[in-house]
Amino acid sequence: MTPIQETIINKKTTNKPIWLMRQAGRYLPEFREIRKVNPNFINLCLNENLSSEITLQPLKRFELDAAIIFSDILMVPYGLNQEVEFKKNFGPELGSINLEKISNINEKDFLNKLYPIYKSIKKVKENKLTKNKDVIGFVGAPWTLLVYMINKHSPKKELIRDFFKDKFLINKILIILEKFIKVHIEHQIKNGATVIQIFDSWAGLLDEKDLPNYVYTPTLNLVNYVESLSVPVICFPRGIKNYKKFCEFVKPDVISIDYDIDPIFISKEIQIPVQGGLNPKILLADKESLKKEVLKYLDIFKDHPYIFNLGHGVMPETNPMQVDYLVKLVKDY
Ligand code: CP3
């Protein structure tokens, strides 16, 4: 069993496995080299040789317990024939929605478009660098993908006005998303993903009263689906206030927490394995401050099944030496 599986399945508390969100990314000079000559991000995700190489880059440097596939949650809208583009210094920009076009897409066309992602996962899984480690596949939760599909770019702090105006459109898209997210999960697992993480980056934009409809129920359906394939599932409903209620409704195998939530409260109130929490900004600080914060999380979750990770992705300004130091701190604990 891998260290992460021991934490999730056996609820082991004596080891603290570690991987980092955005562990393959712009803070690594070897990633920037590849990115420089590959300005189209989508094409890069669809190049199985390069995307598998990028996925493995952090494992060559650091003693991490998992690889996370280099791809993006917006590859699902792309697979559904919505235009998706990543603009420099702006982020993703999506084209307008054509409900008829999206409703008519079949599984075969979707899989044909995303086929290189599955080949990339297979390559990563077969590489010796992932021996006795997990290969993490992932999807965006229906709510977060809906936000991008309707809003067409990152909502930053709030949704566009009239977001909920066309309930028919929203409900229709949510049904289509659930179907194709499941297809995407299935094929990641078939090709070697051993854990699935569901990113709900914009869960925090919703009022409490809308969470059951847009977050709990659609995510629960996905959690049940992943579990039916005998693979553990990690949920990351970023920015919600009530993680305890989320866990009661959705029952994931692991809950990933952001850095706004009090880890002491989580360790007391939540019984299932926990992941993450550390503010990625602390990697920009001096070693002493970093050490203090890392030990804080390790101490709080000493007797809890805990996977070390951040409360959000590694920032592009991060010095890789700091990541090295962080991984060593966790391994030597
Ligand atoms: O964690 C990993 O390293 C795996 C790969 C991964 C990427 N995106 C690669 C990426 C994962 C798991 C994601 C998830 C993702 N994508 C989320 C959920 C997590 C979160 O950040 O809340 C979201 C919301 C997206 C959508 C997205 N992709 C945005 C908003 C942006 C632009 C912001 C940014 O950081 O540049 C991206 C681009 C993106 N996705 C990059 C990477 C490495 C940067 C692209 C570049 O090199 O310019």
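Analyst: Start with the term. On a 1 Å grid over the protein atoms alone, a pocket is an open set of points where a 1.4 Å probe fits, with protein on both sides within 12 Å along at least five of seven lines; lining residues have an atom within 4 Å of a point. The second largest pocket here is lined by residues including Ser 201, Trp 202, Arg 238 and Asp 258. This is a predicted model: local features need pLDDT of at least 70, side-chain atom pairs count only at pLDDT 80 or more, and totals for chains, interfaces and linings use all residues. Residues are numbered from 1 along each chain as its sequence is written, and side-chain values use heavy atoms, without hydrogens or water.

User: Which residues lie nearest the centre of the largest pocket?

Analyst: Arg 22, Arg 26, Asp 72, Gly 91 and Pro 92, out of 45 lining residues.

User: Where does the ligand sit?

Analyst: A molecule sits in a pocket if more than half of its atoms lie within 2 Å of its grid points. Here the ligand sits in the largest pocket.

User: Which residues come nearest the ligand?

Analyst: A residue is near a molecule if one of its heavy atoms lies within 4 Å of it. There are 24 such residues around the ligand; Arg 22, Arg 26, Arg 35, Asp 72 and Ser 201 come nearest.
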